[in-house]
Amino acid sequence: MRVVTMKKVPAWVILCVIALVAGAALGTTNALTKGPIAEQAAKAAEEARAAVLPAAASFEPITLEEGAAVDYCYQGVDASNNIVGHVVQVTVTGFGGPIEVTIGMDGEGVLTGIQCGGSGFSETAGLGAKVKEASFTDQFAGLVAPVSLVKDGGEVDSVTAASISSNAVCSAVNTAAEFIAGLA
């Protein structure tokens, strides 16, 4: 009886075993982390809604028509179940890729806040990425759409050397405002 040694096992068999073990490990890891990752994403979205429309105690989703210009829309309600405004997310293309902009607007059409970012956010660090900072986003609170950059005669200061990203955020805010106005 012959004993098969590792030297006699074809390389493709060893590679297949390694691939199967690696695939099983990746599949198991995905199965274990899928739920917690989804929970974290839902929690982050809820926190973003609360940050841009602080007067709301809870949020009710609004069903969108197919092909809507926005990613999602929520109606914010206070503790007495009165509508206090809306939160809309719009994804626009900046210099480095997609920018998810979450916009809050009260019942009178006044912006209550915005947040920028998203999982695909890849604006240039130190330049376009500054659209996520409070020094840029805080300028929108209290404004009424349409908004534009100061260089275009508007009221929002652009991020220095990042006019594409800044314009994209203004465009998202205006798209959200038009959508919300269409709800009325």
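Colleague: Where does Arg-49 lie, and what makes it count as buried or exposed?

Modeller: In this predicted model, Arg-49 lies in helix H1. Its relative accessible area is 6%, and since buried means under 20%, Arg-49 is called buried. Leaving aside its neighbours within four places in sequence, Arg-49 is in contact with Phe-59, Tyr-72, Tyr-74 and Val-87.

Colleague: How do you know that Glu-46 forms a salt bridge with Arg-49?

Modeller: The closest N and O atoms of Glu-46 and Arg-49 are 2.9 Å apart, and the rule asks for a side-chain nitrogen of Lys or Arg within 4 Å of a carboxyl oxygen of Asp or Glu, so the pair qualifies as a salt bridge. The two residues are 3 residues apart in helix H1, which means that about one helical turn separates them. Glu-46, at 34% relative accessibility, counts as partly exposed, whereas Arg-49 counts as buried at 6%.

Colleague: Turning to the strands, what makes E1-E2-E3-E4-E5 a sheet, and which way does the pairing run?

Modeller: Two strands pair if at least two bridges are found between them. Altogether 5 strands form an open sheet in the order E1-E2-E3-E4-E5, with antiparallel pairing. Strand E1 (58–61) and strand E5 (111–117) stand at the edges because each has a single partner strand, which leaves one side of each without a neighbour in the sheet. Neighbouring strands of this sheet are turned by 25° against each other on average, direction ignored.

Colleague: Which residues stand opposite one another in these pairs?

Modeller: Pro-61 stands opposite Tyr-74 in E2, Thr-91 opposite Glu-100 in E4, and Thr-102 opposite Gln-115 in E5. E3 and E4 form a hairpin with 4 residues between them, and Gly-97 in the turn has a positive phi of about 145°. E4 and E5 also form a hairpin with 4 residues between them, where Gly-109 in the turn has a positive phi of about 85°.

Colleague: How do you know that helix H1 packs on the sheet?

Modeller: Helix H1 (residues 11–52) touches E1, E2, strand E3 (83–93), strand E4 (98–106) and E5, where contact means heavy atoms within 4.5 Å. The direction of helix H1 makes about 145° with that of E5. Helix H3 (residues 163–183) lies across E2, E3, E4 and E5, running at about 140° to E3.

Colleague: What makes Gln-89 buried or exposed, and which residues is it in contact with?

Modeller: Gln-89, placed in strand E3, has a relative accessible area of 11%, and because the limit for buried is under 20%, Gln-89 is buried. Beyond its neighbours within four places in sequence, Gln-89 is in contact with Val-70, Asp-71, Tyr-72, Glu-100, Val-101 and Thr-102.

Colleague: Is Gly-117 buried or exposed, and what makes it so?

Modeller: Gly-117 is in strand E5 and counts as buried, because its relative accessibility is 5% and the cut-off is 20%. Not counting residues up to four places away in sequence, Gly-117 touches Ile-99, Glu-100 and Lys-132. The C-alpha atoms of Gly-117 and Val-131, which are 14 residues apart along the chain, are separated by 8.3 Å.

Conventions. Residues are numbered from 1 along each chain as its sequence is written. This is a predicted model: local features need pLDDT of at least 70, side-chain atom pairs count only at pLDDT 80 or more; totals for chains, interfaces and linings use all residues. Side-chain values use heavy atoms; hydrogens and water are left out. Axes are lines fitted to C-alpha atoms, for helices over the stretch in contact, and angles run from 0 to 180 degrees between N-to-C directions. Buried means under 20% relative accessible area, exposed over 50%, partly exposed in between (1.4 Å probe, protein chains only).
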